[in-house]
Amino acid sequence: MKRPSRKLLDQMGIILLICGVVLGMGVSVGATHGMAQWLEIVGLVVGLVLVVAGLWMARTFRRADPNRPQKPDRD
């Protein structure tokens with residue numbers, strides 16, 4: 001099986017970041033409409049985990065980072 005490219009992994013990190021932010025915004029809107037408190041906490045924790053994972057992936061697999069030597073991409 002072919003390994004995913006760095007560009008694809010970077011894009012997946014950005015998608016995770018966006019999903020985490022949207023989930024957090026949805027939970028905050030739902031909280032104003034009387035959502036259960038346990039559901040608010042779970043939603044915020046999941047959103048925060050998605051944001052952190054997205055930031056890590058986007059930072060780790062960024063293609064043009066001048067401060068870090070890059071391995072050649074095997075496409």
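Reader: How much accessible surface does the chain have, and what share of it belongs to carbon and sulfur atoms?

Author: In this predicted model, the accessible surface of the chain comes to about 5900 Å². Carbon and sulfur atoms hold 70% of that surface.

Reader: What share of the residues in the chain is buried, and what makes a residue count as buried?

Author: The chain has 75 residues, and buried residues make up 21% of them. A residue counts as buried if its relative accessible area is under 20%.

Reader: Which secondary structure elements does the chain have?

Author: The chain has two helices and zero strands. Helix α1 covers residues 6–32, and helix α2 covers residues 37–60. After α1 comes Gly34, with a positive phi near 85°.

Reader: How do you know that the span of α2 agrees with its number of residues?

Author: Helix α2 has 24 residues, which at 1.5 Å a residue should span 34 Å. The expected span is 1.5 Å times one less than the number of residues. The end C-alpha atoms of α2 are 35 Å apart, so the two values agree.

Reader: What is the span of α1, and what is expected for it?

Author: From its first C-alpha to its last, α1 reaches 40 Å. For its 27 residues the expected value is 39 Å, and the span is close to that.

Reader: Why are α1 and α2 called roughly antiparallel?

Author: Their axes cross at roughly 160°. An angle over 145 degrees counts as roughly antiparallel, and α1 and α2 are therefore roughly antiparallel to each other. The axes come within 7 Å, and the crossing is left-handed.

Reader: Which residues of each helix are buried, and what covers them?

Author: In α1 the buried residues are Arg6, Leu9, Asp10, Gly13, Gly20, Val27 and Gly30. Their cover includes α2. In α2 the buried residues are Gly43, Gly47, Val51, Gly54, Met57, Ala58 and Thr60. Their cover includes α1.

Reader: Why is Asp10 called buried?

Author: Asp10, in helix α1, has a relative accessibility of 18%. The cut-off for buried is under 20%, so Asp10 counts as buried. Leaving out residues up to four places away in sequence, Asp10 touches Met57, Ala58, Phe61 and Arg62. Met57 and Ala58 are among the buried residues of α2.

Reader: What makes Val45 partly exposed?

Author: Val45 lies in helix α2 and has a relative accessibility of 47%. Exposed requires over 50%, so Val45 counts as partly exposed. The C-alpha atoms of Val45 and Gly20, 25 residues apart along the chain, are separated by 9.5 Å.

Reader: What share of the contacts in the chain with a separation of 6 or more comes from residues 24 or more positions apart?

Author: Such residues account for 70% of those contacts. A contact here means heavy atoms within 4.5 Å.

Note on methods. Residues are numbered from 1 along each chain as its sequence is written. This is a predicted model: local features need pLDDT of at least 70, side-chain atom pairs count only at pLDDT 80 or more; totals for chains, interfaces and linings use all residues. Side-chain values use heavy atoms; hydrogens and water are left out. Helices (H or I, at least four residues) and strands (E, at least two) are DSSP runs, numbered from the N terminus. Buried means under 20% relative accessible area, exposed over 50%, partly exposed in between (1.4 Å probe, protein chains only). Accessible areas come from the Shrake-Rupley method with a 1.4 Å probe; for residues, only the protein chains shown count as cover. Axes are lines fitted to C-alpha atoms, for helices over the stretch in contact, and angles run from 0 to 180 degrees between N-to-C directions. Angles under 35 degrees count as roughly parallel, over 145 as roughly antiparallel, 65 to 115 as roughly perpendicular and the rest as oblique. A crossing is left-handed if the near helix is turned anticlockwise from the far one by less than a right angle, and right-handed if clockwise.
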